Amino acid sequence: MKRTNTVSNALNTGNAMLDPGDGLPLIPIPLDGQFPGRPGPAGPGVPEGGTAGQYIEKTSDGSTQWATPSKSKVGLSNVDNTSDANKPISNATRDALDTKPSQIEFDFALQSKADLSDGKVPVSQLPTDALVTDANVAAVVDGAQTGPAIDARINTQVTPVVEQITADYIAGDQAVIDAAAAAVDANPKIATLEAKNATQDTLIASGAYQGARLTSGDLFTLPPKTYSIHNNADAANVSNLPEVRGGAVTVTGGVGSVMRSITFEPYGRGYYFRTVNSGTTDGVFGAWERWDRPGGVNLLPNATDLNTLHDDKHWIISNAANAGTLINWPPQFENWPGHLEVLGSTNQQTVQRVTGTASRHIIVQRVSTFPTGSWTAWEQVWPATIPDPGPSPTVTENAFASEQLKQWFIRRRGGFIGTGGKAAVALRFDHGAVNFRDIVLPLLRKYSLPAGLAINPGQARLDLAENAGVTWAEYNAWAAQDGVEPWNHGMTHTGASTTAEFDYEIRQSRDLLAQMMPDCAIEGWLMPGVTGAYGGAGASNEVDSFFAYEAGRLIKATHAVASGQGGGLMRPQAGHIIDGQTHYGLDSVTDAQVAIGTIQQAQSLGAALQVFLHPSLIGADGRTNAAVLDEVFGFIAAERDAGRLIVLTPSGLLLADASHSRRSNLLVNPEFEPDATGWDSTGWAQSGSNPTAVFTNGTTEITQTISVGASQGWARGAMREIRAKVKTTTTEGVTGTLRLGTATRDFTIPAGDTDWHEIRVQGVIPLTTSAITVGLKRTGGGLIMAESIHAEAV
């Protein structure tokens, strides 16, 4: 069946004429849909019935039937009534629209547009670097490309011309030449130099300073001259050398004179030796005396008898092994190192004074009649008497002091830290500062993880190979810029059994650590793992460890919190402090999945877990390694970022509370609601599509300065974590920096990634400051958007 008349005819007549075939008459189809419904002429081709709006059609068996018209029956099946808003667009249209600016970019552009005035952009709206000012011109001239180009032009074209003009002028004016020569001649230093040159020429001509290779002979019989001992083999054949080593020899004094001195400088060493003739007999010299070059030290040789030292000199006793060999070393120091000052020839007396290092805070002194008189006994001169720590605190005194310290500990972190029932993990590392710096710290930075570090501040411990070379400046930087909180671990990491020893290892160690790290509150005690330590309190695995034992009471009286070895690995998040809890060790974990399994167990229990490691053991036989640590730290960070794990410092872990999710925050308006009030947001704009976010495509930092003086001074001394939720809406990616004071964390969101990311940086709120600034800065790439920035207890 098909239409037979034209569209024009159908519109004119109001009917579309359809031919049913088989010679049947044409059927008019009213365009207004109003069918008359009259029956066709009687006959086999016209069926009975029919209603208004129907027409007759031929069926597959050759008969006819009444049918209702539809879109498909008249060739209009693709026609529908879709609204304009819901009509799809073609791929070509979509691709074209993708090249247009987004609403966010359009909003920013409108905000930054210039307002024309008389067809010109006002100077106030021009970019600062577009203005022709002295500063901008200087910046261009001194720029990385322009500056060197100008200098090159001056050096190659201007300078030679100026120099030639000057030379031509001087060469042509004899008066200028004569005046310059007279000025040189009149300088008294010239006459002095000429006299010295003449003397030197005479000495050289006489051979007095002519060097000679020395391969054998007796140093004490050599005439004045310089000599060279080329190697150790030659030195073996020269007698009276202080060391059998190649070097330079200088003999001074008149030829044939008995008043001579000899200096020997070994090659490649930072010191030299000197001996002087007695002045009465030729060839008889005193003992060799070693002198160190500037920047070095005078190391006192092993087995030296201090009774024989009378000449003015400052000596270093560098370690316990050295001190243990010395004769007449002061008994107050036992085998501890120190500094020895010898002050001779004062009123025909010799004074010896020994000053202790960080491990012995005393000065002792003795006196002898010069040069053969007897020595007095060593006497302590500072402090006047050995400090008496007094009686150990009673249980009541301990409880009062401990409670006050705990209140400050909680206050510094703004209360207990809510975890919302999620598991919490903290990382703790005991001494081994070299491996901590070289292996652990880069991994902590990689995954933005805070940590705790147990430190023994005694100099003997700091001098150990595992800590040697790490400075207090580095310890302080780790706290300020990486969120590594210091814990007291005892002065010497050795046992203690007397009241004085307890005081030295516990209280004095804490005080020294506080002195060396003045920005950090030293509030925590980490019990060192030593055998039979601290009069029974060392194990710290019983309820009475901190009140039944003298050392335990002193720990509680001087520290807010203490770790131990009791209670099981999975700590409760009880919302109150529990001292003496133990930890999970990584020292012998060589399969990362074993440690990960323990962390997952804590997650299933909603428990708190402290993970512990001795960095000095990393890489040793049967011990953990950097690859294992990388995998474990990576798992912790991934679970944190997925919202399934809370990561805290060891201090924060003691305050974990599963019953709520509150967490102290130091920033005003951290979520930019309803705008960026409280922030210095110059160059940033409020998002049109996300009303609680700010964005920029510039490089101006959005900042807020936290008052930690009169306003929030209670937060000083503890760690904080800055957490920023950021994204980019452009496909090119973005780079930026998040900071807390001097602590910074650079980050990159790769091209094509438009998801939200949480960026973190940790650091201490210094005890010594009254304000600290938090900031977020875009450093490159596309647009950056920030939804929130928090300064939370960690």
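Biologist: Which residues of helix 11 meet which residues of helix 13?
Modeller: Contact means heavy atoms within 4.5 Å. Ala433, Phe436, Arg437, Leu441 and Arg445 in helix 11 meet Glu474, Tyr475, Trp478 and Asp482 in helix 13. By class, this contact has five nonpolar, no polar and four charged residues. (Ala, Val, Leu, Ile, Met, Phe, Trp, Tyr, Cys and Pro count as nonpolar, Asp, Glu, Lys and Arg as charged, the others, Gly among them, as polar.) The model is predicted: local features need pLDDT of at least 70, side-chain atom pairs count only at pLDDT 80 or more, and totals for chains, interfaces and linings use all residues. Residues are numbered from 1 along each chain as its sequence is written, and side-chain values use heavy atoms, without hydrogens and water.

Biologist: How do the axes of helix 11 and helix 13 cross?
Modeller: Two packed helices are described by the angle and the distance between their axes. Here, helix 11 (residues 433–447) and helix 13 (residues 472–482) have axes that come within 13 Å and cross at roughly 15°. (Axes are lines fitted to C-alpha atoms, for helices over the stretch in contact; angles run from 0 to 180 degrees between N-to-C directions. Helices are DSSP runs of H or I, at least four residues, numbered from the N terminus.) Helix 11 and helix 13 are therefore roughly parallel, the term for angles under 35 degrees. Their crossing is left-handed: the near helix is turned anticlockwise from the far one by less than a right angle, while clockwise would be right-handed.

Biologist: And how do helix 11 and helix 17 cross?
Modeller: The axes of helix 11 and helix 17 (residues 626–641) come within 10 Å and cross at roughly 25°. That makes the two helices roughly parallel. This crossing is right-handed. The contact includes Leu443, Leu444 and Lys446 of helix 11 and Leu629, Phe633 and Gly634 of helix 17. It has nine nonpolar, one polar and three charged residues.

Biologist: Is Gly634 buried or exposed?
Modeller: Gly634 is buried, with a relative accessible area of 19%.

Biologist: What kind of pair do Tyr475 and Trp478 form?
Modeller: A ring pair is described by the distance of the centres and the angle of the planes. The rings of Tyr475 and Trp478 have centres 5.3 Å apart and planes at 70°, so the pair is edge-to-face. (Rings of Phe, Tyr and Trp, its six-membered ring, pair if centres lie within 6.5 Å; planes under 30 degrees apart are stacked, over 60 edge-to-face, the rest tilted.) Both residues are buried. Tyr475 and Trp478 also belong to one aromatic cluster, with Phe429, Phe436, Trp472 and Phe633.

Methods: Parallel < 35°, antiparallel > 145°, perpendicular 65-115°, else oblique. Buried < 20%, exposed > 50% of the residue type's maximum accessible area, 1.4 Å probe, protein only.
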